[in-house]
Each structure stands twice: as structure tokens, then as C-alpha cells.
Amino acid sequence: MRLPSSIFVSVSLFTAETTAALYLSSTYRSAGDQIWQGLTLLFTLVPSVLVQLTLTFIHRDLSRDRPLILLLHILQLGPIVRCLEAFCIYGSVGRVEEPYVSITRKKQMPRGGQSEEVERQVGQAEGKLFTHRAAFARTSVIQAFLGSAPQLTLQLYICVLQQGVSIGRGTLMVISLLSIVYGALRCNILAIKIKYDDYEVDVRPMAYLCIFLWRSFEIATRVVVLVLFSSVLQLWVLPVVLLNFLVFFLYPWILFWQSHSPFPENIEKTLTRVGTTIVLCLLTFLYAGINMFCWSAVQVKLNDPDLINKSQNWYRMAVYYMVRFVENASLLLLWYIYKTDFYNFIRAPLLVLQLLVAYAIAIFFMLVFYQFCHPCRRLFSSSMTQGLWDCSSLLCLMCTSASPQSRPMGKTVLELPSPSTRKEPPGERAHDSASNSTDDMPNDTTYDMLNDTVYDIPTETDNNIGGGINGDISHNVSCNA
């Protein structure tokens, strides 16, 4: 059994950031900056309360007689207690014989076109530790993008206005950046485990390094761009932020309404329809917060039983990074045009070039991760570079067809091959992550999105949910001019 080091890292970042924020807010109070003090406390206490509620919800403490645990969560000490409980469980493994064990079935990564299914016994203590890891993986994402990301943006904005960095503010900014990057990393790993829950996933150190560098450059660049733009156009930053947030908040709901699917009722048995709606709104709120600063590896799909899209959509990712790159360049251009004498101490053209290059470096490490370091890249039906190339070709075709002068005299037809005529190479008959990941094969395990618990069920043929997310574009689009 692995040491719960991820739990320790999550709790350490949570405690360090909360302590640094409280100290910095006290310095703002001493200096008479009540606005900065209030915003610093707001971006500290709100995510802390959400973290406590998430831990209570996943562990189902409301339905259990544990008043002391609930009291500690009210005092905002829940993560520390959960961490101690997890290490106590880890230390007790092997000392007492398990009264019963459960059997899990996982497939190994295919080698030579074949994958073997392996059964493994999971004891009660290991199952509890698994639930703790899953809970802290989700709280790390909540803390990162609902607390650390706005906190880092606020403190960097204050540094720009005051043209200086104090020790307390600099410490909080470093911890916040580490918390955001770690939360994005946990989001990537969580997405891999959810999409490929039938397989035994082994994430190697080189994959962690690529994700860390990818997310570091992406998030740092995004925060700096927003701060520079807001420092010269304070009134326009609010529409930009609200537009970004509303687009990503409403997008999962629009897809859900277009699918005409019934309202999800299987999130939690004890929740009413109103409670389920609140949980779904919080989920899409978190999804919008993630996409505000970086690409969300976990794609929300409200008409799926797990609420997560398990297909790998290269087109959506390509469109996101293209639009985000153009947006960052536009905001930097506006900042360069409207900058005042306040920025005479820096070389503005060089700064703009550095930020654009840093975002390009982030995209480069993302390509390296998906092309060479992804633990399930053998299950991809097509490589990411091929998907990005197809997306670029499709965008060029759309731009060409939109211009009547450049349109040829012939007829351009976009044909989607029917299922009866579509041909696939024999090597691509394996688990296809670009279409429907697990709908076309019998599944011996089910996956609980809330606590990552694996349940054994009889083998039966699942119903096809719909073959990927709404709006996915097939990789096999042939253009005959």
C-alpha cells in the first residue's frame, strides 16, 4: 500500500496558505488597507468552507453519528483531522486481520494488442484510505481554483499598484502558485483515472514533471496577463472575467438541455431535487473557475451517470488553446496601447514577447505529455498532433468555404461516413478514448464519482450513452472537393 503522501501535500499547502493569508490580512489591517484585508480574507475563508463541506459530503458524516468530526469541520480543522486519520489507517494496515475483503478487476495496459484482466483483493483499511485520497484530490482542485487563483491575482495586482513586494505578500504568492499548479496536476490525474477506470494506471515521474511545467507556464502567464490588463483598464476587466466565467458555466447546461436527457437523480440518494441542483451548480461553478485560468482536464457532462465526459476530444482542446492564445495576445496589446508612464521602469515589448513565448512553452509541454508521457497513450485511437492537425485543417476549410470569391466552381461536400461503411484498422479496435471509452464493452466494475469507490457487479452489456460528448467532431471527416 502506498504512503498517503498526496494527502500530506494537500493539507500542507492548505495550512500554509491559510496561515500566510491570515498574517498578510493582519498587516493590511495595521496599514489601514481595509479593502485589501477584506478581499484577502474572502479568498481564504470561502474556499476553506467549501473544502470542509466537500470532505463532509464525500465521507457522508451527516448520516453518521460523529459530532466531534463535524465540530472540527466547523472550526475549519477538518483537513488536518482527516490527514491524521488517513495516516493512522495507513499505520494500522497489517496489524489486524481484515474481516472481509473485496475483489476488484482491472485491465493492464495492452501489450502487443492484448490486455490482461487482473483481480486484486482490497481490504477494508485500503478502501478507506482510497476514499481519503479521492476526497483530498477533489479538495485540492477546489482550494486551487476557487481560492489560490483569485488570491494570487489579487496579491500580484497589489504588488503592481504599490511597485513593491513585501515578505508576507511574496510568501503568500509563492504558496498560492504552488497550490494552483498542484490542484491542476491533481485534476489531470483525476481525469485519467476516471476516463480509464477499467485499467490499472501507472503515472510515471516524467509525466508528473511535464504536467507541472505545462501548468506552471500556463497559469503564471494567464495571471500576469489579467493583472496587467486590469491595471490600465480597470472598468473593462470585469466584463472580460464575467464573459469567460459565464461561457464555461453555461456551456455544460446548454449541452445538457440540447441532449433532452432526464434530470440527474443518482448523485446522492439523500439529496432532494433542490439539493441535486445546488451540487450541479457548484460543480459547473468549479468547472468555470478552472477554465478561467487553464484548460480543465475533467470535462463536465451532466447527462452522463458519472457527470464526467470520458471521451478525449482533441478538437475542443485545440479550439480552447487557440482562442485563449488570441485572447491573451489581445489583452496584452490593449495593455501596451493604454499603458501609462507608470510602466516606464520595464521594457513593455520585451515583456509582451516573454509572456507569449511562455504560453507557447506551456502548449509545448502539453504536447509532450500527451504524445510521449501520457500513461494511457496506447489507448488513443489517434495521436494528439494528428487531432490538432485535423482541427486546423477543418478551421481552414470553414474559413475558405465562408469566402464566396475563393470558393471553387465545384461542389464541396463534407461527408460523415456511416457506421456501415466506416472502416478502421485492426490495431485501433482497442479501447478508444476519442469516442466512447467504455460503453461498447461489458464492464465488471462501476465507478463512484464522489468517492472513487469500486463496486463489483455482474457482467452485463451497458447501454450506449451516446458516443462521446455533444458537439464532438468525428476524426474521420473526409473532404471531397
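Student: What makes Arg82 and Glu85 about one turn of the helix apart?

Tutor: Both residues sit in helix H4, and they are three residues apart, which is about one turn of that helix. Keep in mind that this is a predicted model.

Student: Why is the contact between Arg82 and Glu85 called a salt bridge?

Tutor: The cut-off is a side-chain nitrogen of Lys or Arg within 4 Å of a carboxyl oxygen of Asp or Glu. For Arg82 and Glu85 the closest N and O atoms are 3.7 Å apart, so the pair passes. Arg66 joins in too: Arg66, Arg82 and Glu85 are linked in a network of salt bridges.

Student: Are Arg82 and Glu85 buried or partly exposed, and how do you know?

Tutor: Buried means under 20% relative accessible area, and over 50% is exposed, with partly exposed in between. Arg82 has 1%, so Arg82 counts as buried. Glu85 has 23%, so Glu85 falls in the partly exposed range.

Student: How many salt bridges does the structure hold?

Tutor: Five. Another one of them joins Arg215 and Glu218, with the closest N and O atoms 3.1 Å apart. These two share helix H7 (residues 205-232), again three residues apart, about one turn of the helix.

Student: What makes Arg215 and Glu218 count as buried?

Tutor: Arg215 has a relative accessible area of 0%, and Glu218 has 1%. The limit for buried is under 20%, so both make it.

Student: Which parts does the salt bridge between Arg222 and Glu327 tie together?

Tutor: Their side chains meet at 3.4 Å, N to O. Arg222 lies in helix H7 and Glu327 in helix H10 (residues 314-338), so the pair ties together parts that are 105 residues apart in sequence. Arg222 is buried, and so is Glu327.

Student: Are Cys83 and Cys376 buried or exposed?

Tutor: Buried, both of them: Cys83 has a relative accessible area of 8%, and Cys376 has 0%.

Student: What makes up the nonpolar patch on the surface?

Tutor: Leu68, Leu71, Ile74, Leu75, Leu77, Ile80 and Leu84 form it, with about 680 Å² of accessible area together. Helix H3 (67-74) and helix H4 (78-92) are the elements that give two or more residues to the patch. H3 supplies the largest share, three residues.

Student: Why does Ile80 count as partly exposed?

Tutor: Ile80, which has its place in helix H4, has a relative accessible area of 35%.

Student: What does the whole chain look like?

Tutor: The chain has 12 helices and six strands. Buried residues make up 47% of its 481 residues.

Student: How confident is the predictor across the chain?

Tutor: The mean pLDDT is 78, and 75% of the residues reach 70 or more. Over residues 406-481, though, the pLDDT is below 50; that stretch still has 151 contacts in the model beyond near neighbours in sequence.

Terms used: Residues are numbered from 1 along each chain as its sequence is written. This is a predicted model: local features need pLDDT of at least 70, side-chain atom pairs count only at pLDDT 80 or more; totals for chains, interfaces and linings use all residues. Side-chain values use heavy atoms; hydrogens and water are left out. Helices (H or I, at least four residues) and strands (E, at least two) are DSSP runs, numbered from the N terminus. Buried means under 20% relative accessible area, exposed over 50%, partly exposed in between (1.4 Å probe, protein chains only). Patches are made of residues with over 30% relative accessible area and no salt bridge: like charges are joined within 9 Å, nonpolar side chains (Val, Leu, Ile, Met, Phe, Trp, Tyr) within 5 Å. Accessible areas come from the Shrake-Rupley method with a 1.4 Å probe; for residues, only the protein chains shown count as cover. pLDDT is the predictor's confidence in each residue, from 0 to 100. Contact means heavy atoms within 4.5 Å.
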